[in-house]
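These are my notebook entries on a structure that I went through one item at a time. The sequence and structure are placed here for reference.

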Amino acid sequence: MTFGDTIVAPTTPYGHSSVAIIRISGSDAAKLLSKLSGGRNFSNRRATLSSLKDLDGNLIDRCLVTVFLGPGSYTGEDVVEIYSHGNPSIVEAFVNTICDLGGRLAEPGEFTRRSFLNGKIDLVQAEAVAALVRSKSIEASRSQQKVLGGSLSKILAALQSNLSALLSRIEHQLDISEEAISLSEKKSLSNLLVKIMSTVNHLKSTFSLGRLLNRGATVVIVGETNVGKSTLLNCLAGLDRAIVSHIPGTTRDSIEVELLLGGVPVLFIDTAGLRATQDVIEEEGVRRTYRHIKGADLIVSLTDNPDKKHFTQTGKSIISVLNKKDLRKKKINDKSIIHISAKTNTGIEALKNRIVAELGINKISTEDTYLSTNRQYRAIDSCGSALSRAKTFFDSNVLDVELLSFEIRASLDAIDTLLGKTSPDDILNRVFATMCVGK
Amino acid sequence: MKRLQNKFDIIVVGAGHAGVEAALIAARLGKKVCLVTLDLFAVGRMSCNPAIGGLAKGQIVREIDVLGGIMGLATDKSGVQFKILNRSKGKSVWSPRAQVDKRLYEKIVYSYIQKEKNIHLFEGEVVDVLIQNNAVGGIVLRGGHRICSLAVIITCGTFLGGLIHVGQKKIRAGRMGENNAEGITEALVSRGFVAGRLKTGTPPRLDKNSINWAKTTPVFGDETPAPFSYQTMLFDPPNIPCHTIKTNVVCKNIIAENLSKSPMFSGDVGGVGPRYCPSIEDKVNRFSHHDEHTLFLEPEWINSNQIYLNGFSTSLPESVQLRALRAVPALESVRFFRPGYAIEYDFFSPSQLKASLETKDISGLFFAGQINGTSGYEEAAAQGLVAGINATQYVRNDSPIILSRDEAYIGVLIDDLITKDTLEPYRMFTSRAEYRILLRFSNAHTRLIKKSEKFSLLDHRGLNKIRKIQCGLNAIVASLDSTVSPIEINETLVRLKETPIKQKTPATTLLRRPSLEIRDLPKSIFSKGAGTSIPPPFVYESYIEAEAIIKYEGYIKRQNKQVRRMKKQENVLIPSLFNYNAITGLSLEAKEKFSRVRPQTLGQAQRISGITPADVSVLSIMLVT
């Protein structure tokens, strides 16, 4: 595709690594590479070792490059991939030089967008690619691979087809049948609608798990000062991440550790202890604690004394944990509270299990398909609300078939934003294919 | 015959429903028109069913009426039974239909033509079109006589290469008993136009006296009929019944056994038939589990001996038609005036037209009606009207009238024609209109009066009649702002199983309740005078329209929002010589389709069948870069 411009971007994350990949796509991609390499010719799809130089003739890097001529490339355009040493300054030098030669820094997702515009992937697959890049764990990528393979596409296509079938029967009432709608047809349409609604609701409910797989979850450890929050974090992380001391208020800033629980990246945040304080820095720490609580998926409330009250003041799920079990002889029978000793590492497994259960990680199955992007969720959500409005027409004693059709059409439009348009012809084709029409 | 003058503004070829509307509007707009027909006695003929209007078509007739066409008025004067369909299904899909006295209809249309001084009606067969420098210059008649004009509108109906099939019998004809037109197709094809073949059918005409009427069920029209034309001030049509009967297993089996004798099944007919109007053999074949199909006995004119058997379109041999029908109760000893038949005819792919109905390649040449692959009197008349207006605009060197998809079914019709592939005769359905809620038969005046006025399609008297109806409607809507007290309405609410009100409530709020209709509201709220300026035939309809405006308010708003989104794309123009092949990102199919159709706007481009959103994205990027 000739957009008139060629784009470039590093496709590996920023930072030091063994290899970094810089991708160039567009009609000038090959020409730019030729300029970098001092006029060398490259064969299509063959990794070639080459010394690449900047405009002043200084060597940027000696590394492998591959040319993929369109349309047999990821974007469908001519693509060049440079596999350089993973040093941010080398990567930057490449990107700058290419931009100086007439390339343009790609917008986020632009390679994938071009790939989509060139018909290499469909919209749902394009989203899956974007999510794939972002997905942080093996399990998550498995779920995304599934979407790429079309399992979400398949479910959505079935939904689209069912909605079309429903709509075509409604349109038959409006466009063909000159009789009033029969009671049995009314009942049957209503049943079909309810069936579709349950599919949509199920799909909608998968979003929280899909998002969990993709983005992970945040668990915030809160409690008064000196109850052992930092010790717990270190214990969970299995390393000395946070400074621990007997002095209350040691943790001023929040400390974060990311752990993989059941394949889901879970970010644990150790916060400054909650107490009224004169210390300006500690006061800021407390303010930050409240901010973290706001963004948390789950809160672990820690105390060190069975008589102390647990943190309660949010609408979030909270796990109450009683620390310093090692210092108490007396057994406590309150099952809703988890007893641990962060110091001696007892009860930590039970706590992890409880966290996994509370976040819903144990409900994730790699066999299922999940909605994972906001756009998918919004589409399904608006499909669902249109269907709910449609349902209300059946509750009224006069069925306004026209408005019913309007809402079903709206629900179909929502699915269409994910899969592509259902035209009025598609609906009429169904009417003629399945119903006896004509006087 | 008057001596034929040799120079006209516009020549209209064909005097069917498209041709007469085209000729009449152009003449009224002051143009000298030559209307050429194969048969002076077949002007405005209804070749098939004796009815006008119906689902989606009724709305079109209303639109034609506001835009200065005659179909509505002629129907009001010749209708024998009027009915509003879809009454129980939502007010925006209400569609008026009339059974019509065909002979009277033709007579009325003929009188309109005769009264029009600017029309020269002329009998002859057109065999070629004069073209110079890609502009039309007139026509050539059989025998070689030439008539010159600045614009030509071709409306040949089923007459282009018409071939009738009855069983294995084939007859070259435009309609049963009427000659077809040979030569125009070849002439146009030689100039680069792409032609195709379509098929349609018609049922047998029965002898009234051979039917056992006691075994039939009468069906009447509405007690309070609604006219099609806003110009109809006094309206008191007859209410003559149609009758229904049902086919049975014996009938079905006779048809099933003889399927191979139908040219549709033997492969004799190449054209594609309309799926929405299947032949009886098609119904029997595809829905073999249905033993019964309803048939309608419709009189072709008042006191007609000839009965149109709606629902039994067929091209089976006459003997099989008779045997199958004689198995049906009430038709045991039925006789035919003429059998059902199928007809194949040429059409020109309408993607070769602009939205004005002018051909993209030859300026001044317009196509309208069945030649564009449509079916139906109403669809034809609508195109004829638009072509007539636009040929006039062309002669005046002025811009054409284009109706948008949110404005009129006629807009949907023409936009579909020029962007979609024609695989079967195109018929209007309400579901083709994505902004259906906006396109009510009862708001045709509101939708189209401004355009009608802009193009001077109605005279002052005509416009004033419509304005008066609109004024009355506005008064009714305004009076719905007044409040209703509990005592006035609670009894009704209880009867309708709605919650009673506790305090004075605006009538609009009450009307939004699904079960409540405008007639349930107390008469007192309609301020004196509200609706009194409305001519009697339109009073009922205006109340219904007022109810729709209130009840659908939320939906109307939502549709208007969709319309605004659509218009953004609609207004991106594509240069007519745009080179699609240079866009490497387009799929081969898209390149081929864009190059063939040459859409005028991005909106049209995205509606072309087979075009994906990706193609449109690519195209839109190319248009801005």
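Does A:Asp100 count as buried or exposed? The model is a predicted one, and I kept that in mind for every entry below. I found that A:Asp100 has 11 C-beta neighbours inside 10 Å, and because a residue with 12 or fewer counts as exposed, A:Asp100 is exposed. I then looked up where it sits, and A:Asp100 belongs to helix H2 of chain A, which covers residues 88-100. I also checked A:Asp100 against A:Asp54, which is 46 residues away along the chain, and the C-alpha atoms of the two are 9.4 Å apart.

Next I turned to a helix pair in chain B. Helix H12 (residues 444-454) of chain B packs with helix H13 (residues 460-479) of chain B at an angle of about 150°, and their axes lie 11 Å apart. Because angles over 145 degrees count as roughly antiparallel, I noted H12(B) as roughly antiparallel to H13(B). The crossing of H12(B) past H13(B) is left-handed. On the H12(B) side I listed B:His445, B:Thr446, B:Ile449 and B:Glu453 as making the contact, and on the H13(B) side B:Leu463, B:Ile466, B:Ile469 and B:Gln470. By class, the residues of this contact are four nonpolar, three polar and one charged.

Last, I looked at how the chains meet. I recorded 41 residues of chain B in contact with 34 residues of chain A. On the side of chain B that touches chain A, helix H20 (residues 613-624) of chain B gives the most, with five residues. That side of chain B is made up of 17 nonpolar, 17 polar and seven charged residues.

Notes:
Residues numbered from 1 in each chain as written. Chains lettered and ligands numbered in written order. Predicted model: local features only at pLDDT ≥ 70, side-chain atom pairs only at ≥ 80, totals over all residues. Contact = placed C-beta atoms within 7 Å. Helix = DSSP H or I, 4+ residues; strand = E, 2+ residues; numbered from the N terminus. Nonpolar A, V, L, I, M, F, W, Y, C, P; charged D, E, K, R; others polar. Buried ≥ 20, exposed ≤ 12 C-beta atoms within 10 Å, placed from the backbone. Axes fitted to C-alpha atoms, helices over the stretch in contact; angles between N-to-C directions. Parallel < 35°, antiparallel > 145°, perpendicular 65-115°, else oblique. Left-handed = near helix turned anticlockwise from the far one by under 90°.
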